[in-house]
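Dear colleague,

I am handing over the structure below, followed by an account of what was found in it. Please read the text with the structure open beside you.

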Amino acid sequence: MRTYGCQMNVHDSERLSGLLEDAGYARAAEDTTADIVVFNTCAVRENADNRLYGNLGHLRPVKDANPGMQIAVGGCLAQKDRGEIVRRAPWVDVVFGTHNIGSLPALLERARVQKEAQVEIAESLEHFPSTLPSRRESAYAAWVSISVGCNNTCTFCIVPALRGKEQDRRPGDVLAEVRALVAEGVSEITLLGQNVNAYGSGFGDRQAFSKLLRACGEIEGLERVRFTSPHPRDFTDDVIEAMAETPNVMPQLHMPLQSGSSRVLKAMRRSYRQERFLGIVEKVREVMPHAAITTDIIVGFPGETEEDFVETLHVVREARFSAAFTFQYSKRPGTPAATMDDQVPPEVVKDRYQRLVDLQEEISWEENKKLVGTEVELLVADGEGRKDGEHRRLSGRAPDNRLVHFAVGDGEEPRPGDVVTVRVTYAAPHHLVADSGVRRLRRTRAGDAWAARNGEPVQEKKPDVLLGMPRIGRPAEQPAPVGGCDLV
């Protein structure tokens with residue numbers, strides 16, 4: 001399974017894997033030729049098109065040598081290009097869209113029997129993705145989709161045309177899924193939506209998202225709650241209050257800026273201006289001083305002047321993002337921005353992009369240096385970084401989602417899903433290091449779930465060592481990245 005794009009695509013990919021396993025397929029072992037290859041695509045940036053068709057080209061001789069192999073392409077790019085994919089790559093067997101991922105097993109079987117490509121693009125949602133089977137990549141963390149689609153009309157974004165209008169799940173269904181995940185050993189969930197804090201508009205409750213956050217806070221065993229991505233237009237005070245007052249909602253906010261220029265924001269049809277964005281940041285920091293705030297920024301939108309770009313740099317300096325996902329604007333056919341006048345010359349875009357990256361790197365490093373010497377509680381991660389043989393380093397995520405590489409020392413080695421407390425000894429722009437060893441280790445049900453999935457024995461907890469009740473959420477005096485989806 002190859003995924004291009006955002007967290008929504010990752011969530012859909014887990015559902016596609018679950019569907020295929022339910023249909024009797026098994027994941028191909030490493031270094032073997034798979035019988036089925038599925039590409040789950042994004043259409044936000046041009047590079048996704050290039051990567052897809054490049055990879056399809058590389059697969060052609062592999063399929064020629066293995067006639068029984070099937071190739072399927074789904075996701076936003078499939079929804080957009082439809083029959084164009086089969087025209088450009090006639091060796092593809094199945095093309096399916098964002099609204100009918102549940103059809104994949106049947107389409108593969110139909111293509112095999114009829115010996116011809118199957119292109120099926122539904123125009124409306126057939127099944128809410130979270131109702132489909134799932135094969136989660138993580139034993140201890142999970143995505144929970146609360147809505148699909150988007151009601152915004154940003155001029156640079158094609159997603160609403162491909163994902164459709166926003167559709168919300170009922171709160172009871174969302175909470176039932178969260179409780180089921182926690183019962184399986186999951187300790188961290190990320191609430192997911194194209195415009196997550198607009199949740200509730202479909203059933204007429206403008207405070208539904210803050211209520212959902214608070215309800216997640218009442219689920220025993222759920223230690224960390226995150227969400228992505230909110231839209232500044234819909235970011236209300238009740239959400240900020242719920243974040244601050246619900247202990248297991250993490251002190252982290254990923255909120256796309258896109259541009260710091262109010263003039264450019266208007267041209268983007270982003271229904272907020274610079275003052276509104278910075279006002280939200282200020283309110284968040286008032287109640288959560290150590291919150292880590294990350295963002296998305298587009299450089300070189302049509303008509304962007306040097307003065308507009310300077311406004312973006314101003315917001316970056318004022319907001320002091322812990323990280324930013326920065327993109328050079330690229331035309332997406334079918335969007336209003338693609339036909340706008342005053343397209344910015346590529347060399348100008350590259351220069352501005354580099355200046356923005358340099359500034360954000362400087363700020364990220366400065367913010368990370370402030371954490372040297374502090375203790376942080378980490379959820380030990382699986383696959384976040386290489387094990388360092390010399391230092392016996394593992395990796396984990398702090399409550400604010402910063403990545404921390406930590407030395408295990410001579411004690412018991414924690415498992416992914418366990419919780420450790422470490423002291424930060426070094427800061428880099430994109431990560432922290434804690435080389436003084438693990439100060440405290442809490443073995444968790446999430447770690448047990450990871451061990452069970454990987455065939456490792458689950459160790460009995462020692463009854464003669466009582467460390468007190470584990471706390472839910474961030475520890476006291478804990479500094480507060482990321483989640484981010486550049487779709488909103």
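In this predicted model, helices α8 and α9 are roughly parallel to each other, because their axes cross at roughly 10 degrees and angles under 35 degrees count as roughly parallel. The α8 helix covers residues 208-216 and α9 covers residues 237-245, and their axes come within 8 Å. On the α8 side the contact is made by F209, S210, L213 and R214, which meet D238, V239, E241, A242, M243 and E245 of α9. Sorted by class, the residues of this contact are five nonpolar, one polar and four charged.

From α11 the residues Q274, F277, L278, V281 and R285 take part in the contact, and from α12 the residues E311, H314, V315, E318 and A319. Here the division by class is five nonpolar, two polar and three charged residues.

Turning to the strands, you will find an open sheet of three, in the order β11-β12-β13, with parallel pairing. Strands β11 (252-254) and β13 (323-328) stand at the edges and have a single partner strand each, so one side of each is left without a neighbour in the sheet. On average, neighbouring strands of this sheet are turned by 10 degrees against each other, with direction ignored. Strand β12, which spans residues 292-299, runs parallel to β13 and is joined to it by six bridges; V299, for instance, has Q328 of β13 as its bridge partner.

Another parallel pairing links β6 with strand β9 (residues 188-192), and it extends over five bridges. Within this pairing, V144 has L191 of β9 as its bridge partner.

The protein has 14 helices and 20 strands, and of its 488 residues 57% count as buried. Its accessible surface comes to about 21,400 Å², and 49% of that belongs to carbon and sulfur atoms.

With kind regards

Definitions and conventions. Residues are numbered from 1 along each chain as its sequence is written. This is a predicted model: local features need pLDDT of at least 70, side-chain atom pairs count only at pLDDT 80 or more; totals for chains, interfaces and linings use all residues. Side-chain values use heavy atoms; hydrogens and water are left out. Two strands pair if DSSP finds at least two bridges between them. Helices (H or I, at least four residues) and strands (E, at least two) are DSSP runs, numbered from the N terminus. Axes are lines fitted to C-alpha atoms, for helices over the stretch in contact, and angles run from 0 to 180 degrees between N-to-C directions. Contact means heavy atoms within 4.5 Å. Ala, Val, Leu, Ile, Met, Phe, Trp, Tyr, Cys and Pro count as nonpolar, Asp, Glu, Lys and Arg as charged, and the others, Gly among them, as polar. Buried means under 20% relative accessible area, exposed over 50%, partly exposed in between (1.4 Å probe, protein chains only). Accessible areas come from the Shrake-Rupley method with a 1.4 Å probe; for residues, only the protein chains shown count as cover. Angles under 35 degrees count as roughly parallel, over 145 as roughly antiparallel, 65 to 115 as roughly perpendicular and the rest as oblique.
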